[in-house]
Amino acid sequence: MVSILGVGLGVASLLVVQTVMNGFGEEHRLRIRESFGDCVIVGQRPLEQPEKLLQTLRADSAVSSATSYAEGPALLRQGDYSAVAAVRGIEVGDLHQPARNYVVLGAFDDLDDGRVILGLGLARQLRVRVGDHVELWSPAMAERAEKGKAPLPADFEVCAILRTGFTEVDDRAALIPLRRFQALWNLGPRAHGLILRLKDPAKAPDTADRLSIGRSGLRFVPWQELKKNFLEAIRFEKTMLFFLMFIITLVASFSIGSTLFSAVIRRTREVGVLVAMGAQRWQIIALFGLQGWLIGALGILLGFILTWLILFFREGILGAINHTFGDGDMVANIYQFSKVPLHYDAHDFIIAAAFTLLVTTLAGLVPALWAARRKPSEAMRDV
Amino acid sequence: MSKLVLQARQLTKVFSSPSGPLEVLRGVDLEVAAGVSVSIRGASGSGKTTLLQLLGGLDVPDRGKVEVLDGDVMVSPARRLGKAQGFVFQNYQLMPELNALENVALAAKIAGKSDAQARQAAEELLQQVGLAERRTHLPAKLSGGECQRVALARALVNQPALLLADEPTGNLDERTAEEVMQLLLSLVAARGLALVLVTHSVEFASRTQQRYVLSGGVLVPA
């Protein structure tokens, strides 16, 4: 029973870590894609005629939508409160705009030249709700002041508040129409870049390579390249954790081996009697090997159940840990997610189960081989 | 003369000890014909149990050869464990987790009988040794005499031609020992089995047809 529990805990720790790490990876990948697009096209300077390029790209079979954007920092102010925002000018009519999915208050479609959509954290910093007004100070206004002209802030009504769960976005994002951004930043008709959404995001590198042919002045950056180091770090972290958890499972397997070895030694006399009754060596090996296999199989089953339970109650468990150690909401603060993300990968489960079954069966077979090789006359003398 | 069921030639067994090699058996010869009972007596440590284990194939001699009858041919006893020869041990050697019926049936199952056949054979044997009513009892709930009767049933369940008994009454009181020995000898006689009985008891040895004493590593007729 203790052996089964040991295997179960080993399997559960391995799978919980893998599933959460998969979740982090998947969530990060999704956020990167939704925040930056499947493929971003930028140049050395703002794009002069983005509309013409957009039309060509929209006609490509691999592209599901293309939109232009511009972005830059600005100071937002409401009464005595102010905050630096990452303002992004977007095409209001873009039906594929992912921000639509994250609006929690107000309506995305209310966005127009006099309105702004704020991230939840930013709105809290400014103490504003839907319907309140904020002032926006762009860098172009500072240039105006340098030239001796009185800068006037732009006034926006908050029409919606969004919450992506990605703290970096929620605390800084301010969305305004591209046309208004171009005016406030003195961009004219130019845009800072284009965002492509692809029919198959996984093939973004190939599509980016193909689309970049003949467009040497532009850089096509697939989403996998946008935060390459970050994604590599997540992958490396997952590999390292798998290695550590693998050792835990190995330790559990050794404990099974020692338990089975003790069991075999305790039953040496009975093994001798079985041989005296005509039991074949392979039957003795199979008996104890099967015991190891059975412990492994039941341990895996228990591990799967424990994994599901731990992950189902993960928020409560994490809350208790945070409460005990007083570290605040680590997931939100460090990983920038509002809740622990999960991604069940059948591949991880199959590998963990196969490996555990192999090790526990071997752990049972080693003492079984020892027992089966003993002469029954010696075995029966042991008590 | 009846057919031989056991033939041992020049059996030698040497054990290592702190004081050097210890030759326990020094060229033992023994032949046992079908239906013949043989007793072997000897002092403690004289090698009686070692000899019985060699005869039964539970150990291998350093020199010499043992063969038991398997059908019409003589084979090494190690190849026919539990089939050509049955064992009765001093300490019964029953499986503690199995009840009387399961202990007897286990030997039949190992020999290749189906569950139903093994169960039927075990029930018949337990009936013959007078334990039909106690067949569902675990060894811990049985007396020493009852345990030895279960062990006797187990030794006979595969209908061997030879029964090897290692001090079967050594752990029993005088009255129970007498009961068990009577049962053992009557079953052996009724089935026409050959018996090799290792015992300290002169009285029990006297009931066998051939009597030997193991002394100085060799068998001497008593």
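At what angle do helix α11 and helix α14 of chain A pack, and how far apart are their axes? Helix α11 (residues 281-312) and helix α14 (residues 346-373) of chain A pack at about 150 degrees, with axes 7 Å apart. The two helices, α11(A) and α14(A), are therefore roughly antiparallel. Their crossing is right-handed.

This is a predicted model: local features need pLDDT of at least 70, side-chain atom pairs count only at pLDDT 80 or more, and totals for chains, interfaces and linings use all residues. Residues are numbered from 1 along each chain as its sequence is written, chains are lettered from A and ligands numbered from 1 in the order written, and side-chain values use heavy atoms, without hydrogens and water.

The α11(A) side of the contact (heavy atoms within 4.5 Å) includes A:Phe288, A:Gly289, A:Gly292, A:Trp293 and A:Gly296. From α14(A) come, among them, A:Thr360, A:Thr361, A:Gly364 and A:Leu365. By class, this contact of α11(A) with α14(A) has 14 nonpolar, eight polar and two charged residues. Here Ala, Val, Leu, Ile, Met, Phe, Trp, Tyr, Cys and Pro count as nonpolar, Asp, Glu, Lys and Arg as charged, and the others, Gly among them, as polar.

Axes are lines fitted to C-alpha atoms, for helices over the stretch in contact, and angles run from 0 to 180 degrees between N-to-C directions. Helices are DSSP runs (H or I, at least four residues), numbered from the N terminus.

| Pair | Angle | Axes apart |
|---|---|---|
| α11(A) and α14(A) | about 150 degrees | 7 Å |
| α10(A) and α11(A) | about 140 degrees | 10 Å |
| α4(B) and α5(B) | about 15 degrees | 10 Å |

Angles under 35 degrees count as roughly parallel, over 145 as roughly antiparallel, 65 to 115 as roughly perpendicular and the rest as oblique. Helices α10(A) and α11(A) are therefore oblique to each other. In their contact, A:Val271, A:Leu274 and A:Val275 of α10(A) meet A:Ile284, A:Leu287 and A:Phe288 of α11(A). The residues there are six nonpolar, no polar and no charged.

In chain B, α4(B) and α5(B) are therefore roughly parallel. Residues of their contact include B:Arg149 and B:Leu152 of α4(B), and B:Val180 and B:Arg191 of α5(B).

What does the interface look like? The contact takes 19 residues from chain B and 15 residues from chain A. Together the chains bury about 1,500 Å² (accessible area, 1.4 Å probe, lost on being put together and summed over both), 58% of it on carbon and sulfur atoms.

How values were computed: Left-handed = near helix turned anticlockwise from the far one by under 90°. Buried area = accessible area lost by both parts, 1.4 Å probe.
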